[in-house]
Amino acid sequence: MSEATPPTFEQALAQLEQIVQKLERGDQPLEESLRLYEEGVRLSRLCHRKLEEAEGKIEMLLKDGRGEPVRDAQGRPLTQPLPEPTDEDEGR
Amino acid sequence: MSRKPQPPAREAEKDQREQLSLLVPLKPAAPLAPRAPEPALAPPLPAPAPPPAPRIYSVTELLRAARATLESRFVDVRVEGEISGLKRSGPGHIYFCLKDEEGQLDCVLFARESSRLKFELKEGMAVRCRGRLTLYEARGKFQMTLVDIEPTGAGALALAFEQLKQRLGAAGLFDAGRKRPQPFLPRRLGVVTSPQGAVVRDIIRIAHRRFPLPIVVSPTPVQGDGAALAIASALRRIEAMADVDVVIVARGGGSLEDLWAFNEEPVARAIFACRVPVISAVGHETDFTIADFVADLRAATPSAAAERVVQAKDALLARVTGLERRSSAALRLQLARVRARVEATRAHRVFAAERGRLQVAAQHVDDLVHRAGAGLLRRTERGRDHARRLRERLAGFGLDRQLAVRRERVETRSARLSALAREQAERRRAALGRLTASLDGLSPLAVLSRGYAVVFEGDGARVLRDAAETAPGARLRIRLARGGLRATVESREDE
């Protein structure tokens, strides 16, 4: 696993799943099992972190006159908060 | 799209048809417009009287007069027939002949009107046309200039739906093989819908109830003129957000006309072109739109879409902790097996005398067990927070504690076992000593060695125990500790 690109939650979970299956087969030497176990602890920690990190930010994209996204200097699209609901929205 | 017909139209049409039959042959002498005076628009009509000199028209004059009459009398008429000889011109004008069993009528639909048609005209199609009659003076041809066409039978929208569905289906936009799987856990959810209203709120609320993932809304009108193009453009814009990996295109319930934008080609094409999977959620459960067919997944309602796209956080957490539990259980099991093997071998060592080799093996296991604990703890020291969490988890597994307890138990047990074995062996040796001693005591040879002798009768094996069993002159055999004797009885001394 390279440090540069941390795995997604899904990848980490899949790797953890494989490790548990290997451990449960129990047909590798004890030293290998211990190494796998350590790797498993690392992956489950990663999974926990990914789940805890999630924050439900809500944004609304801005657009220019030609219907293109408005971007900042780095080319990232600009957003604004979603407008609060009004009474007349309730119908639709 | 269709305007309400004006109430008196029927009668007017009947009236007009009658007149039409008079007009079509364009008999110059026929009385035109018998009851309607047309002073403002019509050029001078031939006066009924006085008879003498009939008016002579130029062709142009006559055509112009006829045209004026036609156009003023047949301003807004509806006519039904079948399309024949359909032709399109470069700028988008459409020409055809409207026919029934007996007659035909040239029709033209100019580009401005033809671009508004929702469905596609086809040869032989039965239609109801609306427009006005006119006369094309340059060729002296009579024709109808249309403002709208509707298919008869199925409604225009239903026909348009079927036509687009067929065309896009043939172009491969609905192919099952193209449907992309949803991401396991979206990094960011894109929502294309109206920024106001209950739909966007419902999606956010339900998604966040399951998992607090980031959401970006690309706002767009979802009905009315230009809505289809606006939705398509909002879909393209949302791709600018690099980490959006699934998009919901949604609209609440409404009439067929309200939902119409989602049956238009620009929306279908934009969904098809989207680089991430698109989930459509338009209207109610029973509403199917073209967008639904192109989308990677069709959800019955916007709320259902939010549920389909986001997995519950609780379920994911449960999966991770379940795997943690299984991995430590598996490791504990393996350690216990190794331990048991070592223990068994150690128990035998009293007899097998392979002490050195076993101790090395036992120490190896101890090392590994130690490393399992210490190694993990060392890693966690990289961050205080992680260390705390991991220690908690380790404490939760109880792995290190269990290993220590086990190690101790094995040590005491093996010590106790060897002591026990030694003790047993000692006891056995002692018992054997006692046993041989008592066996020795029982041996007749030992008795003889103490000076006793055994007397047998004659040459036989019978041992004499009573003097009365023999008589003087009888022969005897005597067994001593070493060697024997033959003897004869001289006299008897009975007791």
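1. Of the 495 residues in chain B, 24% are buried (20 or more other C-beta atoms within 10 Å of the residue's own; exposed means 12 or fewer, partly exposed in between, with C-beta atoms placed from the backbone). This is a predicted model, in which local features need pLDDT of at least 70 and side-chain atom pairs count only at pLDDT 80 or more, while totals for chains, interfaces and linings use all residues. Residues are numbered from 1 along each chain as its sequence is written, and chains are lettered from A in the order in which they are written.

2. Chain B has 14 helices and 13 strands (DSSP runs numbered from the N terminus: helices are H or I, at least four residues; strands are E, at least two). Within chain B, 62% of the contacts with a separation of 6 or more join residues 24 or more positions apart; a contact requires C-beta atoms, placed from the backbone, within 7 Å.

3. The contact between the chains takes 43 residues from chain A and 45 residues from chain B. On the chain B side, H10(B) gives the largest share, 14 residues. Other elements that give two or more residues include helix H5 (198-210) and helix H11 (355-380) of chain B.

4. Strand E1 (residues 58-61) of chain A pairs with E7(B) in the parallel sense over three bridges; pairing requires at least two DSSP bridges between the strands. Met60(A) has Val217(B) as its bridge partner in E7(B).

5. Gly26(A) lies in the loop between helix H1 (9-25) and helix H2 (30-53) of chain A. Gly26(A) counts as partly exposed because it has 13 C-beta neighbours inside 10 Å. Beyond its neighbours within four places in sequence, Gly26(A) contacts Ala330(B), Leu333(B) and Gln334(B).

Key
Contact = placed C-beta atoms within 7 Å.
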